[in-house]
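Here is a short note for someone opening this structure for the first time. Please read the points with the model in view.

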Amino acid sequence: MESPSTRETLAKLENPSTSQSEKPSGYNDLLRQITSSSDPSQVPPNLIAFIDSILKDSLGIIAARPLLASAVEAIGSIKSTESKIEVGTHALQILESRVVSFEEQDAMIREITADAYQEQEDFIDAAKMLQGIQLESSQRKISDDAKVKTWMRICRLYIEEDDTTSAESYLNRAKNLLYKVEDPELNLMFHLSQARILDARRKFLDASSAYHSVSFNMTLAEEERMHALSAAIKCAVLAPAGPQRSRTLAKLYKDERAPHVAEFGILEKMFLDRLLSVEEVDKFADSLAPHQLARTSDGSTVLRKAVIEHNLLSTSRLYNNIGVNELGLLLDLDVERSEEYAAGMMEQGRLTGRIDQIDGMIFFDGGEGSEERTNGGQAGNVVGRDLRKWDAKVQGVAEEVERVASTLQALYPDFSSANLVH
C-alpha cells in the first residue's frame with residue numbers, strides 16, 4: 001500500500017479542479033519524493049500507485065509518455081530484484097491494453113524486468129518477458145542490430161535452460177538478419193550459440209566445427225579461445241566413428257594449440273587409432289557436461305558408444321580378422337553386443353568388412369568405409385581384402401598403359417596411326 005502522503009498528493013493531482021498545465025510538474029515533484037524516500041520498502045508501492053495514476057484517462061497520452069519514461073528510470077534504479085519484478089509486471093499489466101501508445105516504455109520495462117529475472121536465474125521468465133517486445137512496429141524505428149541483439153539474448157536464455165528447440169527458433173530469426181549486422185560481438189554470440197545448440201542436440205561433428213571456428217575469434221580472450229578449442233575436441237571425441245570424424249580429429253590434432261589443452265591425450269590416441277582404456281575414458285568423462293553423458297536408446301552413454309566404435313575401428317587397423325569372442329574382450333562387451341556394433345558400422349558404411357557367423361569370425365577390409373550404406377554390411381560385390389587390392393592394382397596398370405598410349409599418340413601422331421592398334 002502506498003504511503004499516506006503519496007496517496008494524498010495523487011488525489012490532488014487527479015482532482016478535476018487541478019489545471020492540466022500544473023499536473024506534469026506536480027507528478028515530477030512527486031516522483032522525486034518517491035525515489036528519494038528514506039524507506040526503500042515504500043518505493044515499490046508508491047511507484048505502482050504513481051504509474052496507475054498517470055495512465056488514467058485524466059492525463060493525456062502526450063503528457064503521460066515523459067512521465068512514464070521517468071517512472072521506468074525509477075524502476076531501473078530499484079536495488080531489490082523482487083521489487084523490480086513486482087513493479088515491472090504491474091506496469092506491463094496496466095499497459096497491456098494501451099501498448100500501441102507506449103511501445104518504447106513497454107520495451108524498456110520488459111528489458112528491466114528480464115534483467116531482474118535473469119539475476120534470479122529464472123531464465124524462462126526472462127525470455128518470455130523479452131518475447132513480448134514489439135520488434136516489428138510502425139510506431140518506432142528499430143535497427144537490425146537491436147532486433148538481432150534481442151533475439152540472440154532470448155536464444156541464450158533458452159540455452160541456459162537446455163530448451164534447444166525454442167533457442168533454435170530465435171537463432172534462425174537472427175540468422176536471417178545476421179548479414180546486415182556489423183557488431184563483432186553479436187556475430188560471435190550467434191556462432192557460439194549455434195555451437196552450443198548443435199552440441200546439446202548431439203550433432204557433435206557440426207558442433208566441433210563450430211567451436212573450432214569460434215576458437216580463432218580474436219575478440220575473445222586467450223582463455224576463452226582455448227576453452228572453445230577444448231569444447232571442439234570433446235565434441236569430436238563424442239562423434240560417431242567414421243571418415244568424417246577422422247577428418248575432424250586430424251584438423252584438431254594439427255592445430256598447434258591442441259597440445260596445451262587437457263583433452264589432447266585422448267585426441268592423440270583417437271587420431272592415431274590407438275585403443276582407449278577404461279581409466280582414460282573415465283578421466284575424460286569427468287570433464288563432460290550432463291547432456292554429453294546422456295544415455296542413448298540402447299542404454300549406453302554417448303561417450304561409451306563413441307569409445308566402443310573407436311576401439312572397434314582401431315581393432316580393424318590392427319587385425320585382418322578377429323574372433324567375435326576376442327573382439328568382445330577388447331571392447332568390454334558380451335559377444336552379441338560386439339557383433340551388433342560391428343554389423344551396424346559395416347551396414348552404415350563406417351567400417352568395411354564381413355562377418356562369418358558360422359565360424360564366429362570378423363574379417364576387416366582395411367578400416368573405414370565411405371559412409372555409404374551397404375547391403376548387409378558387404379562392401380559392394382568385393383569379397384575379401386586381397387581381392388580388393390588385386391582389382392585396384394589391375395586398374396592401376398590399365399590406367400598407366402592408357403596414359404602411355406595417349407602420350408605417344410600426342411607426341412608421334414604418324415607413328416601412332418601406323419603402329420598402334422585401335
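1. Start with helix H2. Its buried residues are Lys23, Gly26, Tyr27, Leu30, Leu31 and Ile34. Here buried means under 20% relative accessible area, exposed means over 50%, and partly exposed is in between (1.4 Å probe, protein chains only). These residues cover an arc of only 135° around the axis, which puts them on the same side of H2. The arc is that of the directions from the helix axis to the C-beta atoms. On the other side of H2, Arg32 and Gln33 are exposed.

2. What do the buried residues of H2 pack against? They pack against helix H1 (4-14), helix H3 (43-54) and helix H4 (61-77). Contact means heavy atoms within 4.5 Å. Helices (H or I, at least four residues) and strands (E, at least two) are DSSP runs, numbered from the N terminus.

3. The length of H2 also checks out. The helix has 13 residues (23-35) and should span 18 Å at 1.5 Å a residue; its end C-alpha atoms are 18 Å apart, which agrees. The expected span is 1.5 Å times one less than the number of residues.

4. A word on the source. This is a predicted model: local features need pLDDT of at least 70, side-chain atom pairs count only at pLDDT 80 or more, and totals for chains, interfaces and linings use all residues. Residues are numbered from 1 along each chain as its sequence is written, and side-chain values use heavy atoms, with hydrogens and water left out.

5. Next, the salt bridges. The count comes to 15, a salt bridge being a side-chain nitrogen of Lys or Arg within 4 Å of a carboxyl oxygen of Asp or Glu. One of them joins Glu8 and Lys12 (3.8 Å, N to O). The two are four residues apart in helix H1, so about one helical turn separates them. Glu8 is partly exposed at 48% relative accessibility. Lys12 is exposed at 54%.

6. Another salt bridge joins Asp115 and Arg153 (2.5 Å, N to O). This pair links distant parts of the chain: Asp115 is in helix H6 (residues 103-119) and Arg153 in helix H8 (residues 144-160), 38 residues apart. Asp115 is partly exposed, with a relative accessible area of 35%. Arg153 is partly exposed too, at 24%.

7. Helix H19 holds a further pair. Arg403 forms a salt bridge with Glu400, and the closest N and O atoms are 2.6 Å apart. The residues are three apart in H19, so they are separated by about one helical turn. Both count as partly exposed: Arg403 at 47%, Glu400 at 39%.

8. H19 (residues 385-411) also gives the largest share, three residues, of a nonpolar surface patch. Val404, Leu408, Leu411, Tyr412 and Phe415 make this patch of about 490 Å². Val404 is in H19 and is partly exposed at 40% relative accessibility. Patch residues have over 30% relative accessible area and no salt bridge; like charges are joined within 9 Å, nonpolar side chains (Val, Leu, Ile, Met, Phe, Trp, Tyr) within 5 Å. Areas come from the Shrake-Rupley method with a 1.4 Å probe; for residues, only the protein chains shown count as cover.

9. Finally, two backbone angles. Most residues other than glycine have a negative phi. Arg202, not a glycine, has a positive phi of about 65°. Arg202 sits in the loop between helix H10 (184-200) and helix H11 (204-214). Asp273 has a positive phi near 60°. Asp273 lies in the loop between helix H14 (264-271) and helix H15 (278-285).
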